[in-house]
Amino acid sequence: MNSKNKEIRIDAVSKISGKEKYLRDLNFPNRLLATTIRSARASALIKRIEFAKNFDWSDITIISAKDIPNNSVAIIKNDMPFLAENQVNYLGEPIILLAAESLEKLELAKSKIKVEYENLPAILSIEQSENSRNKKNIFENITIKKGDFPKAKKRADFIIKEEFATGYQEHIYLEPQVAMAIPEGNTIHIFGSMQCPYYVQKAMDELFQGTGIKTDVTQTPTGGAFGGKEDFPSLICGHSALLARKAKRPVLLSYSREEDVKFTTKRHPSKIIGTAAVTKSGKILGLEIELKLDSGAYSTLSPVVLARAVLCGAGCYNIPNVEISGLALKTNKISCGAFRGFGAPQAFFAIEMLIDKIARKLNLSPLEVRKKNLLKLNDKMPTGQPINYSFGLRKCLENVLKKSDFERKYLEYKNFNEIQGRQKKLLKGIGLSTVFHGAGFTGIGENRIRAIAEIELVSGGKIIIRTANTEMGQGLDTAFKIIVSNRLNIPFSDILIEDKNTSKVPNSGPTVASRSTMIVGKLLLDNCDKILKKFIEKDINSEKKLSFSEKAKKYHKKFGNLKVKAKYKHPDFIKFDEKNYTGYGYPVYSWSASIAEIEIDLVTYQVKVKKFYTSHDIGKAINYQQSVGQILGGTVQGVGFAIYEDMPMNKGEIQNSGFVDYIIPTTMDIPKIDVDIVEEPYFFGPEGAKALGELPFVGVAPAIAAAVSQSVGETIRELPITPEKIQKIL
Ligand code: MTE
Ligand code: MOS
């Protein structure tokens with residue numbers, strides 16, 4: 001049963017009314033503005049940087065690589081410099097930073113700087129990178145093996161092989177990247193629109209190591225992030241801090257939409273070859289997936305994006321013999337990073353389309369192929385992980401099949417396309433996808449983070465929640481309040497949320513991997529229990545009829561504030577071997593099944609998504625309305641990825657510059673979306689909750705592509721499915 005609590009999101013009114021103050025809205029006296037001088041080449045040596053002699057530089061603050069104490073951004077491999085020194089590795093790479101009173105002044109100064117380059121060969125595609133046979137171009141290499149794929153190939157009736165590709169995707173959050181640094185003596189206070197204050201803190205600690213400078217980092221209200229503000233803020237917060245240190249004044253570094261579209265992280269383009277060894281009846285005996293990600297110039301988060309991608313390689317299928325290999329490859333292009341789904345959308349597109357191809361080849365419906373191979377309770381993942389709890393996939397599938405009347409429509413549209421389609425200048429299609437999202441960090445990541453969350457009981461019996469997890473539109477602050485309010489039985493008004501400032505909150509880990517409600521929410525529950533236990537210990541509980549609030553006030557009067565902390569560790573049975581890729585890739589999975597109905601206009605070749613049915617098993621909808629909101633938003637973003645969002649590149653330069661030429665779905669393009677939530681509880685999540693945030697995105701493009709495949713009579717192999725591609729197929 002769904003619990004349909006009706007709490008309003010606590011940030012709803014301020015955001016909808018336009019009253020919320022984002023960083024750009026704040027008026028800081030005395031602040032300078034900043035800009036970035038970028039590489040005009042994809043791969044080159046910097047021979048000389050010339051500052052015009054007949055220009056007054058006295059009121060311009062200039063930072064180049066030689067002004068930087070430790071010139072590498074701490075992310076994973078720390079291979080990206082804050083500013084390029086001798087060599088540039090992608091078009092748009094920052095080389096020099098300027099700060100001045102006004103944008104006009106900055107523009108003028110910019111035109112007075114000339115960078116001289118000596119071109120180097122540039123690697124501009126996955127193929128080129130792979131063919132270079134240079135080990136340095138491989139950022140990460142992962143293999144998963146189960147059973148004996150070559151043997152399965154010998155036993156199979158059919159070998160079905162196909163190559164798939166997906167393109168860039170831009171986050172297009174409403175608020176472009178922005179950072180502000182305010183110097184105060186030996187401290188620099190850093191503010192920014194970000195997901196992970198402690199990632200930025202770590203990068204700042206390493207940047208200023210040995211200089212005696214201290215920093216603290218505060219998240220400002222964040223107008224969307226979607227993974228785009230996971231690693232990138234570390235770079236620009238560093239930029240603003242370097243300028244502020246030198247200028248001894250506050251510095252605001254605010255990206256324009258064009259800068260953001262062209263020069264910030266994107267979803268990794270991918271090339272994936274899938275080979276299936278199949279029996280006549282449609283049973284998949286073996287599967288090989290060769291997955292390659294275009295990482296761009298620096299490794300940033302690519303190793304972990306690749307890890308998630310390979311762990312999704314075999315999809316929701318129980319296949320006895322599996323070989324999955326993944327490469328994250330360096331190219332001389334913009335670095336790719338986190339984006340809702342984090343490698344899963346690419347992998348699921350490939351496996352789901354391979355299922356479509358198998359169905360086509362064997363003349364079965366895609367549903368029949370699923371019925372023969374879909375995971376059931378107690379089956380195992382390719383890593384050997386048993387799926388023996390919190391498994392709602394089959395229920396999700398039943399729900400969407402029933403709601404959409406899939407089987408009847410599948411035949412109806414087949415007939416329509418064959419008999420009337422061309423005449424009516426219209427094709428119809430219905431497509432299905434079944435996907436999962438591993439909840440939280442991959443492998444034993446959580447045991448490394450050792451997240452800490454804190455709660456404090458203060459005067460008036462109020463509770464302060466202290467975590468580093470950020471609100472970026474997903475409704476986290478409200479979810480946290482609901483969890484605490486339900487456990488302690490106190491009103492929202494008695495719960496306060498501490499600023500996301502690294503000097504005030506403990507490190508509860510980053511707001512990524514859809515982990516916050518499940519992992520950090522659980523820590524808050526544990527903290528609530530600690531408080532209740534303390535009441536018993538201190539005999540506050542003896543008068544049973546008192547409300548929590550009254551007991552809290554009583555406690556406070558006698559003993560003062562009560563601060564409790566909880567530290568996260570996975571349950572002991574959750575183990576993962578990072579070398580061999582065996583064991584629990586994730587502590588638990590969230591599941592979803594989706595069905596898309598589409599039409600193709602045979603005059604314009606544009607795909608239109610008419611209806612979308614989706615059912616999600618998220619363990620427990622902590623906030624039902626907001627959970628539906630996440631599913632709607634993820635669906636719309638997925639429609640964009642599937643058919644609209646196209647980011648062509650020419651010689652390493654992104655050709656789009658903003659909303660005019662980067663087409664995302666508008667309200668006119670959004671299908672009717674039918675959302676259903678299944679709650680198969682996860683014992684170790686708060687109230688049974690597991691991951692929600694990213695899952696809604698993952699199954700959308702595969703369902704749409706399957707529907708398009710039905711209508712054009714051929715498996716779709718490439719995203720986005722633009723009219724040009726449809727025309728070519730037809
Ligand atoms: N929803 C909104 N409105 N805005 C966002 O930026 N980011 C997504 C998802 N939903 C995002 C969002 C991504 S990429 C992640 S990882 C999760 O939210 C993170 O939040 P959670 O840990 O609270 O699920
Ligand atoms: Mo989400 S891509 O893990 O920030």
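**Mixed sheet and nonpolar cores**

In this predicted model, an open sheet is formed by 7 strands in the order E3-E5-E1-E12-E9-E10-E11, and the pairing within it is mixed. Its edges are strand E3 (61-63) and strand E11 (214-219), each of which pairs on one side only. Averaged over the sheet and with direction ignored, neighbouring strands are turned by 20 degrees against each other.

- E3 pairs with strand E5 (residues 94-100) in the antiparallel sense, over 3 bridges.
- Within this pairing, Ile 63 stands opposite Leu 97 in E5.

**Helices across the sheet**

- Helix H6 (residues 232-247) lies across strand E1 (32-38), E3, E5, strand E9 (178-184), E10 and strand E12 (251-254), and runs at about 35 degrees to E9.

**Nonpolar cores**

- The largest nonpolar core has 148 residues, and those with the most contacts inside it are Met 204, Phe 348, Trp 591, Ile 600, Ile 643, Ile 704 and Val 708.
- Helix H9 (residues 344-362) gives the most to this core, contributing 12 residues.
- This core lies between domain 1 (23-121 + 171-263) and domain 2 (270-442 + 579-729), because both domains give residues to it.
- Another core, of 35 residues, lies apart from the largest one and includes Ala 451, Leu 476, Ile 490 and Val 564.
- As general background, nonpolar side chains tend to be buried together in soluble globular proteins.

How values were computed: Residues numbered from 1 in each chain as written. Chains lettered and ligands numbered in written order. Predicted model: local features only at pLDDT ≥ 70, side-chain atom pairs only at ≥ 80, totals over all residues. Heavy atoms only, no water. Core = buried A, V, L, I, M, F, W, Y, C linked by side-chain atoms within 4.5 Å. Buried < 20%, exposed > 50% of the residue type's maximum accessible area, 1.4 Å probe, protein only. Helix = DSSP H or I, 4+ residues; strand = E, 2+ residues; numbered from the N terminus. Domains from an automatic or database assignment. Pairing = 2+ DSSP bridges. Axes fitted to C-alpha atoms, helices over the stretch in contact; angles between N-to-C directions. Contact = heavy atoms within 4.5 Å.
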